[in-house]
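Please have the sequence and the 3D view at hand while reading.

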Amino acid sequence: MPLNLSWRPIMRFYSTSFQGSKLFSVKDLTTHDMLLQSRFIYQPAAGIVHWLPLGLRTYKKLQNVIRKRMDQAGGLEMELSSLSSKHLWERTKRWDNNELFKFKDSKDRDYCLVPTCEEEITSLVGDLCSSYKDLPLLVYQIARKYRDELRPRGGLLRGREFLMKDAYSFDLTKEDGLKSYDNVNEAYRRIFQDLKLPVTVANADSGSIGGDLSLEYHLIHESGEDILFKCNSCQTVSNVEKCQSLPEKQFKGVQEAECQYFINKDRNTLIIMYYPKGRKLTPQYVKDEIPDIDFSIDEEMALALFKNESEESSSFLVKEIIRVIDPRVTSNTNMPDLKVLYHRNSMFTFTDIPIVEAIAGERCYECEKGTLSEHTAIEVGHTFYLDKKYSTPLDCTVVNEQNEQTTVYMGCYGIGVSRLIAAIAQTSRDEVGLTWPQIIAPYQITLLSNKTSSKENLDTVTEILSSFDVQVDNRDGKFSMGHKLKQSKVAGIPLQIIVGKHFPLIEIEVRTPIQHSQELKDLYKRKTWDWEIQESPQTAGCSEKHLVHLTGLAQVVDVLLECL
């Protein structure tokens, strides 16, 4: 069925419109510049964006796609303040983040503009929910967030102010928490299916948000800043920060190794990681085997706790050394000298843990069979299972069925809305301009008439198309038909419909390559009106043309849009 927006008056553009009147070449433009030139956005300063009418329509339509699936997943929409007080962020030890926009009010109290809302929502739920009967709970919002980017770049991809859908789940048990996590990930898959985007889901590191389980959603593209690795055997996809790899089976070892020193939280175990010289160490990979390793202590301080010990001292005898040796480091490798005294009975060695960043061509650690390939990508969504990372320091508890206070389990889930718009624009643009999934295009149709057509004919077609989202470009006498067509195509409007000399036959130009659905093929077979299809026309920004009689115009437009 067509998108029913008949309650909305059809927009008519004039020369004073924000759409502008100048034509421009897109060949050498960045996607961000194309969005600026097409008047989707306006950028008054680095990292700051104003949304103009075309961009705002796209943003609101994307909101509706996300809102629909989050509501179906059981989410309750909220809207939290953009301001958050210092004391909450101190409790979670995140106040010292140098990307927070911080300020003081007139009473010298500290606040920040929120980049994410774990602190606020956890505090709120802790105050309002007191019983297990209040759970499970899934809440979300679509709102502006803020980050004090040192070097904002890429336009909407990395700004100081951005639009984001953030959601948070609260559950009584870990099992229920993981069910909520799976539920939201399924909602994400449906969102990206609705947008017809070839999203790649990757295992990811949780980073500063925290938690021990997370997935990232990416659009593969050469301009992306993220690196993904995919196994050609088990098909596992992981972010570079999460991907472990093994050397080829016949690999005899690197010539030289280097090492780095760490210590555990009890300060009685020194951890030494040996890895190939010149490779990037990824120490977080030992977390499962050495869960109490303390990454906050630098190498110099870790060594200081051992260096002054002698073989006779009692403290020396109770200290342990764990060596973690990357599989690429073998008996053939030149090893660096140990910088501390050791007792051979207190030294333990792991030799099967890959601890360097993966590179393409190495073996997959998950299946040990496949070969890893490298892909650059743009991240557009991220989901985290948080466990009790925020609920514990913020005292978010409920009374369980045994009348005992219990800390809730949490998850958080983000989609960068403005970032997703930029990513779609970047990955789908062509030599003519922008292209959009029709579900979020600012308009589904641009309706035009040439000089040979009467106002009555245009009004007739306008009425037939009243149930679609139509932009009528009636700037007659001010711009040529070619000028108006090119503007529509640069802006990525899916269909251009022309009322011309062949009336009552109407010309439809399809902006992007189209895969004919079975519904379209069936409609063509049973048609009772004139309908001619011209595939691969020699027209820039047009994948095919249709010449359709008024009688079947609405039905043809409907099935064409379903294909886009």
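How much space lies in the second largest cavity? In this predicted model, that cavity holds about 40 Å³ of space, and the structure as a whole has 2 cavities of 30 Å³ or more.

**The second largest cavity**

- Its lining is made up of Gly47, Ile48, Val49, Gly155, Leu156, Gly159, Glu161, Phe162 and Ser418.
- Sorted by class, the residues that line the second largest cavity comprise 4 nonpolar, 4 polar and 1 charged.
- Strands E3 and E9 each contribute at least two residues to the lining of the second largest cavity.

**The largest cavity**

- The largest cavity contains about 60 Å³ of space, and the residues around it are Val49, Trp51, Arg144, Leu156, Glu161, Phe162, Leu163 and Ser418.
- Of the residues lining the largest cavity, 5 are nonpolar, 1 is polar and 2 are charged.
- Strand E3, which spans 48-51, and strand E9, which spans 161-171, each provide at least two residues of this lining, and E9 gives the largest share of it, with 3 residues.

**Residues found in both linings**

Technical notes. Residues numbered from 1 in each chain as written. Predicted model: local features only at pLDDT ≥ 70, side-chain atom pairs only at ≥ 80, totals over all residues. Heavy atoms only, no water. 1 Å grid on protein atoms, 1.4 Å probe; cavity = no way out; pocket = protein on both sides within 12 Å on 5 of 7 lines; lining within 4 Å. Points joined across faces, edges and corners; volume = space filled by probe spheres on them. Helix = DSSP H or I, 4+ residues; strand = E, 2+ residues; numbered from the N terminus. Nonpolar A, V, L, I, M, F, W, Y, C, P; charged D, E, K, R; others polar.
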